[in-house]
Amino acid sequence: MKEPNEKQAAEQFSERAKAAFDNSVEQLDAATLSRLNRGRHVALDAVQGNRLAATWGRWLPVTGVAAAALLTMMLVRGPDAVTLPADSVADFEILLESESLEMFENLEFYSWLDSTDLDALGNAG
Amino acid sequence: MDRAIVEIRAWPGTEASVFAVSCTREPSTGANTLQREKQLNQFLAGVERRALRIAEIAIRDRDEALDLVQDAMIRLANNYAGRAEAEWMPLFYRILQNGIRDWHRRAKVRNRVLSWFGRGSSDDDYDPVAEAPDPTGRGPDEQLQSTEAMQQLERALRDLPARQREAFMLRTFEGLDVAATAIAMGCSGGSVKTHYSRAVHTLRENLGEHW
């Protein structure tokens with residue numbers, strides 16, 4: 001009968017120890033909890049940093065392949081052959097402007113405007 | 001699995017050779033990663049307080065314990081975020097226990113160096129009463145009793161050999177089973193049982209029947 005009592009006593013001791021420990025955990029002050037919270041977010045930021053690095057790392061070969069392809073074309077066909085259409089510069093400027101979004105909303109109107117002879121329209125009016 | 005689809009083609013035109021590169025990423029991956037981060041956040045939030053107290057009992061310094069816990073969280077997030085969630089607990093405590101052991105090694109070397117110059121850290125530097133946080137919500141008598149019981153237990157735990165202390169804290173305080181404790185301690189299940197049994201026996205003997 002001694003052995004079961006001993007086992008029971010050991011279990012009771014462990015339960016008491018656990019209760020005392022849990023109580024000490026509950027008593028942690030706000031400053032400590034705040035530091036723990038900050039530490040956790042630093043750890044999670046590290047994961048996000050890894051994810052971003054992995055993403056950029058994944059895009060790196062793509063960029064490399066594109067640059068290599070462009071370079072190959074320049075070498076094969078000569079630098080003069082690789083020229084952007086003249087209108088492209090103006091197109092990029094338009095795309096980079098923030099107001100250009102407004103233009104896209106009224107794209108149909110501008111298409112019509114472009115195809116219409118304004119002078120003829122003015123004379124008619 | 002992440003997969004990028006890359007398409008390179010020459011722009012249809014005359015002399016101009018403009019290349020378009022389009023890449024497509026499988027959309028489910030980002031959602032999975034965010035879900036993973038959320039799970040990791042929940043896991044760390046659930047374990048951090050107990051981990052801090054366990055580290056604090058082991059090294060007797062709250063600031064250092066906070067650093068160790070943060071370091072363990074970062075290492076887990078960096079190296080094991082992709083592992084099954086069930087593995088996080090033993091892996092986290094394995095990292096933390098390694099950190100605690102390293103801390104003790106460094107402290108030993110530091111004390112040895114300081115002793116050459118006639119200075120050394122003393123056990124009296126740590127005052128558990130001064131370190132005890134403010135009471136929250138409990139009656140003063142009950143609070144005092146529980147705090148005193150924990151202080152006695154902490155002192156008794158510090159007298160234990162390190163491996164016995166680890167086994168007892170992981171099994172009793174964190175509630176890890178034998179297999180998870182074995183992973184956390186880097187030893188066999190049999191060793192865990194032996195360390196734990198000896199720890200309970202010694203603690204009960206040292207704290208007395210009335211603890």
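Tutor: Some ground rules: residues are numbered from 1 along each chain as its sequence is written, and chains are lettered from A and ligands numbered from 1 in the order in which they are written. This is a predicted model, where local features need pLDDT of at least 70, side-chain atom pairs count only at pLDDT 80 or more, and totals for chains, interfaces and linings use all residues, while side-chain values use heavy atoms, with hydrogens and water left out.

Student: What makes up the secondary structure of chain B?

Tutor: Chain B has eight helices and two strands, in the order β-β-α-α-α-α-α-α-α-α along the sequence. Helices (H or I, at least four residues) and strands (E, at least two) are DSSP runs, numbered from the N terminus.

Student: How do you know whether Phe168(B) is buried or exposed?

Tutor: Buried means under 20% relative accessible area, exposed over 50%, and partly exposed in between (1.4 Å probe, protein chains only). Phe168(B) comes out at 0%, so it's buried. Thr172(B), with 7%, is buried too, and that residue lies in helix 6 of chain B.

Student: What makes Arg60(B) partly exposed?

Tutor: Its relative accessible area is 29%, so it falls in the in-between class. Arg60(B) sits in the loop between helix 1 (28-59) and helix 2 (62-80) of chain B. Its phi is near 65°, a positive value in a residue other than glycine. Most residues other than glycine have a negative phi.

Student: Why do we say that a charge sits over the ring of Tyr196(B)?

Tutor: The rule asks for NZ of Lys or CZ of Arg within 6 Å of the ring centre and within 35 degrees of the ring normal. The charged end of Arg171(B) is 5.1 Å from the centre of the Tyr196(B) ring and counts as sitting over it. Likewise, Arg16(A) lies over the face of Trp211(B), at 4.7 Å from the ring centre.

Student: What is the angle between helix 7 and helix 8 of chain B called?

Tutor: Helix 7 (residues 178-185) of chain B packs against helix 8 of chain B at about 95°, with axes 8 Å apart. Axes are lines fitted to C-alpha atoms, for helices over the stretch in contact, and angles run from 0 to 180 degrees between N-to-C directions. Under 35 degrees is roughly parallel, over 145 roughly antiparallel, 65 to 115 roughly perpendicular, and the rest oblique. So helix 7 of chain B is roughly perpendicular to helix 8 of chain B.
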